[in-house]
Amino acid sequence: MIDQAIKFDVELINRYDKAGPRYTSYPTALELHDGYTEANYRQEIIKSNALGGPLSLYFHIPFCDTVCYYCACNKIVTKNRQHAEPYLANLLKEISLQGRLFAANREVRQLHWGGGTPTFLNAQQMQKLMATTRQYFSLKDDDTGEYSIEIDPRETNSETIKQLRDLGFNRISLGVQDFDPAVQKTVNRLQSEAQTFAVLEQARAEGFRSTNIDLIYGLPLQTVDSFSKTLDKVLKVSPDRFSIFNYAHMPARFKTQRQINDADMPTADVKLDILQRASQQLAEAGYIYIGMDHFAKPDDELAIAQKKGKLYRNFQGYSSHSDCDLIGFGVTSIGRVGDVYSQNVKDLESYNQLLNQDKLPVYKGIQLNADDKLRAAIITQLICNFNLEFLQIEQSFSIIFAEYFGEELEMLLPMQTDGLLILTETGVEVLAAGRFLIRNICMVFDKYLAQKHQQQFSKVI
Ligand SMILES: C[S@@+](CC[C@H](N)C(=O)[O-])C[C@H]1O[C@@H](n2cnc3c(N)ncnc32)[C@H](O)[C@@H]1O
Ligand code: SF4
């Protein structure tokens with residue numbers, strides 16, 4: 001059982017604050033290359049079917065009605081609801097093509113609709129999407145799957161939540177970001193508390209088992225007090241989980257972020273103070289820090305899984321289900337089948353063209369080699385469970401840890417001196433002060449993290 005305490009050490013966090021990946025995968029998505037083809041993907045599915053095992057399905061619905069200036073998600077902003085129709089037709093086609101390749105008896109343990117804004121689809125379209133998924137895959141009917149959806153409370157009506165529950169969803173995540181009217185105005189996301197909490201209450205009443213709220217710290221005009229007030233308001237309605245994202249401000253990459261005035265951005269010190277205050281409030285309210293922006297109540301399944309050392313991480317974030325093969329559907333989706341990560345094309349045009357030719361829309365991928373798998377196991381163990389047992393890795397991968405990772409172990413020594421972790425002959429234990437800096441610790445084991453990539457990641461805090 002692990003101790004889930006955290007310690008917020010401003011001096012340490014400042015010293016370690018550099019850009020780094022969020023490790024929803026290792027190698028990260030940046031390593032996917034276009035030498036990988038549809039034929040490679042098909043081969044991998046054959047191998048994975050031979051092994052069997054449960055599946056996880058991810059569906060990307062890219063559309064949003066309005067743009068939030070801070071947004072770094074893969075989305076298409078349009079007021080024209082007609083765009084959903086041809087996209088849905090292609091998505092259904094993709095489900096049928098992929099569905100025929102995967103063994104029919106493989107149970108779907110996890111399912112997620114993300115975006116963009118999944119509820120950009122109307123009731124009939126959502127129904128169709130789920131019905132087609134059921135037609136080609138073995139969805140669980142006893143409500144024991146982890147079936148989740150991202151909701152923009154501004155994009156739901158009185159019927160939506162009930163319908164989603166009837167379709168089989170049992171976990172819901174609501175985008176909020178900030179309730180301060182001035183902040184909302186500068187980021188072009190006007191969203192009332194009443195509307196947001198009505199959706200949350202309805203989800204509870206319909207029997208959604210886990211509720212999550214997304215907030216972002218570091219947005220323009222935010223202050224320690226203003227963010228603390230937002231958090232207090234949300235704490236009153238007691239969601240099971242929080243995602244408190246660090247605002248990734250990369251205007252060179254995301255055009256709409258250029259609408260944000262530099263002068264309105266909180267300084268690095270203010271950001272850190274906001275996070276510190278937020279962590280205190282969450283701890284006082286009884287939430288546990290899971291890692292990488294996520295907090296949960298102690299009786300939430302993520303917190304329980306972590307306590308037992310059984311937490312996992314995939315492209316959708318933390319999960320209490322062990323590694324399933326993950327199939328991505330829709331533009332930009334990333335999947336993991338066997339030892340391969342693969343990604344679908346990014347634009348609607350190519351997606352449409354490939355599906356019209358009955359081709360899978362895969363355009364990039366990476367076949368993990370033995371070293372990738374070894375490092376992925378280490379990073380997953382550290383980022384999910386905050387410890388590492390060398391023996392377990394040695395037995396699984398037939399290596400001598402100290403010999404294979406001599407250089408990395410040296411790199412951990414200054415972190416030990418700084419109180420981030422304890423390094424012993426038998427393993428690594430991440431200490432309370434190292435938990436907010438877990439990606440720095442994981443970065444030590446990342447072979448691809450060459451200088452050229454660092455600028456493509458957001459800062460750690
Ligand atoms: C796909 S959106 C959630 C669903 C829905 N579109 C909405 O906004 O309510 C995923 C989440 O990513 C987070 N996000 C988007 N852009 C971000 C950025 N630049 N930095 C940090 N978090 C960001 C927001 O918290 C957002 O709720
Ligand atoms: S935050 Fe959500 S609603 Fe806003 S633009 Fe991004 S994906 Fe769309």
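Which order do the strands of the open sheet of 3 strands have? The order is S18-S20-S19, and the pairing is antiparallel. The model is predicted: local features need pLDDT of at least 70, side-chain atom pairs count only at pLDDT 80 or more, and totals for chains, interfaces and linings use all residues. Residues are numbered from 1 along each chain as its sequence is written, while chains are lettered from A and ligands numbered from 1 in the order in which they are written.

Strands (E, at least two residues) and helices (H or I, at least four) are DSSP runs numbered from the N terminus; two strands pair if DSSP finds at least two bridges between them. S19 joins S20 (residues 427-430) through 3 antiparallel bridges, with leucine 421 opposite valine 430. Helix H15 (residues 406-417) packs on this sheet and touches S19 and S20, contact meaning C-beta atoms, placed from the backbone, within 7 Å.

Elsewhere, strand S4 (residues 107-115) pairs with several strands. S1 (residues 55-61) runs parallel to S4 and is joined to it by 7 bridges; leucine 57 has leucine 111 as its partner. S6 (residues 146-151) is also parallel to S4, over 4 bridges, and histidine 112 stands opposite serine 148 there. S5 (residues 138-139) pairs with S4 in the parallel sense over 2 bridges.

Because 8 of its 9 residues are buried, S4 is largely enclosed by the rest of the structure. Buried means 20 or more other C-beta atoms, placed from the backbone, within 10 Å of the residue's own.

Methods: Buried ≥ 20, exposed ≤ 12 C-beta atoms within 10 Å, placed from the backbone. Contact = placed C-beta atoms within 7 Å. Axes fitted to C-alpha atoms, helices over the stretch in contact; angles between N-to-C directions.
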